[in-house]
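Biologist: Please take a close look at one part of this model, the place where the two chains meet. I would like the contacts and the make-up of that region.

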Amino acid sequence: MIRRTAHTLLVMVLSCWAGLAFGEMRFNLQDQKTALGHTVYDLHNAIVLICLIIFIVVFGAMLYAIWKHRKSVGHQAAHFHENTTVEVIWTVIPFLILLGMAYPATKTLLAQRDTSSPDLTIKVTGYQWKWQYEYLQENISFFSMLATPRAQIENIEEKGENYLLEVDNEVVVPVGKKVRILLTAGDVLHAWYVPALAVKQDAIPGFVRDTWFRAEEPGVYRGQCAELCGKEHGYMPVVVRVVTAQEYDEWVAQQQAEQGTAAAATATTDAAPETPQAPAAEDAGAAAPAAAAGGDGAEVYAQSCGMCHETGLAGAPKIGDKAAWAPRSAKGLDVLYGHAIGGFNMMPPKGGNLALSDAQVKAAVDHLLAQSR
Amino acid sequence: MEAVHGHAHEHGHDHHGPTGIMRYLTTTNHKDIGSMYLWFSFAMFLLGGAMAMVIRAELFQPGLQVVNPEVFNAMTTYHGLIMVFGAIMPAFVGFANWLIPMQIGAPDMAFPRMNNWSFWLLPPAALLLILAQFVPGGGAGVGWTMYPPLTIQQGMSMDLTIFAVHILGMSSIMGSINIITTVLNMRAPGMTLMKMPLFCWTWLITAYLLIAVMPVLAGAVTMLLTDRHFDTHFFNPAGGGDPVLFQHIFWFFGHPEVYIIAIPAFGVISQIIPAFARKPLFGYSSMVYATASIAILSFLVWAHHMYTVGMPVQAQLYFMFATMLIAVPTGVKVFNWVATMWKGSMTFETPMLFALGFLFLFTLGGFTGLVLAITPVDVQLHDTYYVVAHFHYVMVAGALFSAFGGIYFWLPKWTGKMYDETLGKWHFWLSFIFFNLAFFVQHFLGLAGMPRRIPDYSLQFADFNAVSTIGAFGFGLSQLLFLYIILKALRSGEKAPQKPWEGADSIEWTMLPTPAPYHSFEKPPVIR
Amino acid sequence: MDHAYGEEPHNFVLVSQHNHSLSSTGRNAVLGSLVLVSLAISLGFALHGAWMILPFAGAEMALLFFAFRAIGRRAGNYETISICGDRILIERWESGKTSRFEFNRFWAQVVFQPARHGRGGVLALRSHGREVQFGRHLTQEQRVHVARTLKEQLRHDR
């Protein structure tokens, strides 16, 4: 114990010098690699600049008063203690400044939240302590975990360049494409955070949230889980590799070959380039009467139902489990629609996603039944 | 009249109650209770500070050196809980106990017995929080925000923590009922609301906030408890619960809580600055209105703590605008303080130094708050060290500096002894420099993307973390100097004059002898 | 605490009462607004499923109600002790009830029992085995002071 403490102290003193010698000093947000990120970066700089000006004015006045209106230089105290005009002015001016800030902030926020018409959708699920990535159209799925060896963390080996920011399986996306990330979690809260892509979104068990990014240039962008999720919270990095379209296609093909999912995915990937949403809806429509109004049952399923029905969480019958579904479908479609919309036993109404229309829920039920027949 | 009252102050030191420990266990005297609150809060401050030292020691360099991640998470959790509920809040309740009866001309608090209970609830709660570290499984590693479902996974320490929060909440509720009734009902004839020293106003508003939000906290942690043990599903997604609902509830309490801590600090600063500028507070009534507006706004902005949970964009816009609005009344307060100094006749004794330090650093924390209010920017900064830096600027440089200033300011009144002015100034400058060393660099860490609550980090964050740790240890050690200064003043401080501060003008200075007698006002003072 | 001399037929009058700067309207307004705010908050959350805030808010409002009722009741309370010829009169007005105790000035004895275990000392007048307390809403220190004053008064004129 004592030896360890002494060792620690020694390491501390030494690294105090060493620490200051290496590593780059960074005083602002990371260099942004998305158009939105540039906007956020500029917005942040502008606000800091405005604050700095106000700070200088206010504390300039204060420092002047401290310098000139002090007793030691013989200044006599004045006795004023009110001035309505001045008080109104310094209520109104900050208000106007805030209005000026609110406008660009609103514009940026609206752009940030617009997740419509993505080129690629990846479902990301946070677990203690790894990320699962599922490419919904391509049928690729894998887990991504910290790749830094334990020995580096315990200071036995020298730390590598990407210490704690390296994973076994990176998530690969094409450059210049709008990537929509659907986020959820399997156990506790997590947050998917990649600073250079200006993306951070909480992953909430039982709910699906989304965010998006469109990377401007190829490269490897590293981030971390940003919501406390237990003891290994500091050890679940996010690594996004942005590649050219051609490299991406090769990577997809390779992954599909490895996972043996190529055949299943062909139907969707072929159709994907023109209208990514529509063909999937047609597929579902062939099998399901309600799908016309409800859109893509498969996608709704993936967003709102898969959490439990994919894994059997909370006693949910798993998709594809014919034995479990046979007695249920025997109850009749309307009963199942009713349960899905209104909730049943452990199942929350609409799978917990009340934003869904009834038709969307029905489409998801059709999809689920089609897969489990 | 005079004949009857001729001996009024002579009996000031008669203590007819029990002595020794029993005096403190049974006392209903607001001054005893005030002192106990302040000592308790200082003890908790040292305990919470020690936990902060563990955190900073671990973060001194990359890799795990001092503690394992479980202990690290427990340290962040209990550092937060102890500092918020055990150190800062009781410190200002201590000020309230000491000062409010003196400032409004009341013999004591409205409910002296309840006052005693609300203090003696605190030590058991503190013991529970300490005990939680030693039960099987160790302390709960959930952060002071206690977000489920992580809280549902924790061991027995979580239950102890929940009970402790219940007890602390009960204590706060009794304390604030006492304060609200005292300020409203126990004012001496002539002491109208708009003549009260600003400190009383800030506590009146704070007590109102506390009464409004404490049941929310109690309900929130109770639902955590039932989710854990009684198979309810308020927040547990496995049974159809909504973890985000907890965040809404917690921050509905939590944001007003931030102002519950900050508003009495504003009150203390508003007493100190006029005294050392030798000039009345500028814009008294606008100060009152600004404080009240901040309090009202604090109910309407809670979800800016959760911009990344994926709420509808309309909600994000609303919370962004409402949050930005807080800058207006806060700005009014800062401008008023500066205007109070303007054309004054200033001197810079330790209380004034802390008040100026407060003003400077709290405003900085206010600006980073504005940056964080902007949703698209916050999405980058949420749950990073930027947030850690921000709230330490408002909590430490805000509330804590104000409490230090207040203690130096009123110590002569309370004890009749002066502190060592030179050492006091050393305490200020050491605290000021090390505080900035510890926390200013954390802005850069957050901007560059270092998440909070991680025990280990990648190499790009190494330099600033090393600096921050050095600053934090310096800041921590400086507080031992504070303890020494206080003990020295109590043991061998010079006798304080009746009015040690030339410009102090509220009635505890002008109407009461120094030190304040055990019972303050025998004859209601007349306020003109 | 107020007192005045002289006006016939009293030789000495001492009135003790609490500060009560809050009117009953003010009391109702504060209590009412807190109940409304608290109820709005807890009902709002109850509608979203988190009903467990309600009982806590209710309990707190009950405590607040009793506290405000207590200060309301206290507001009008007062006690007077007057020396009037050879009589000493204690009049007590408490929660709408008046009680009156008369002592013979030459037989009455001022009794003061110092405080024990944090409880305030007891100040009373005693005569012929009868004892009446005085100074319920005074602090401990004030009672000491009143005891001394009364003793002086009685000695003076005896």
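Modeller: Here is the interface of chain B and chain A, taken step by step. The model is predicted, so local features need pLDDT of at least 70 and side-chain atom pairs count only at pLDDT 80 or more, while totals for chains, interfaces and linings use all residues. Residues are numbered from 1 along each chain as its sequence is written, chains are lettered from A in the order in which they are written, and side-chain values use heavy atoms, with hydrogens and water left out.

Contact here means heavy atoms within 4.5 Å. On that basis, 105 residues of chain B touch 100 residues of chain A. The buried area is about 8,800 Å²; this is the accessible area (1.4 Å probe) that two parts lose on being put together, summed over both. Carbon and sulfur atoms give 68% of it.

A salt bridge needs a side-chain nitrogen of Lys or Arg within 4 Å of a carboxyl oxygen of Asp or Glu. The rule finds 1 across this interface. A:Lys71 pairs with B:Glu502, and their closest N and O atoms are 2.8 Å apart. On the side of chain B that touches chain A, helix α13 (residues 327-341) of chain B gives the most, with 9 residues. Helices are DSSP runs (H or I, at least four residues), numbered from the N terminus.

By class, that side of chain B holds 63 nonpolar, 30 polar and 12 charged residues. Ala, Val, Leu, Ile, Met, Phe, Trp, Tyr, Cys and Pro count as nonpolar, Asp, Glu, Lys and Arg as charged, and the others, Gly among them, as polar.

Methods:
Helix = DSSP H or I, 4+ residues; strand = E, 2+ residues; numbered from the N terminus.
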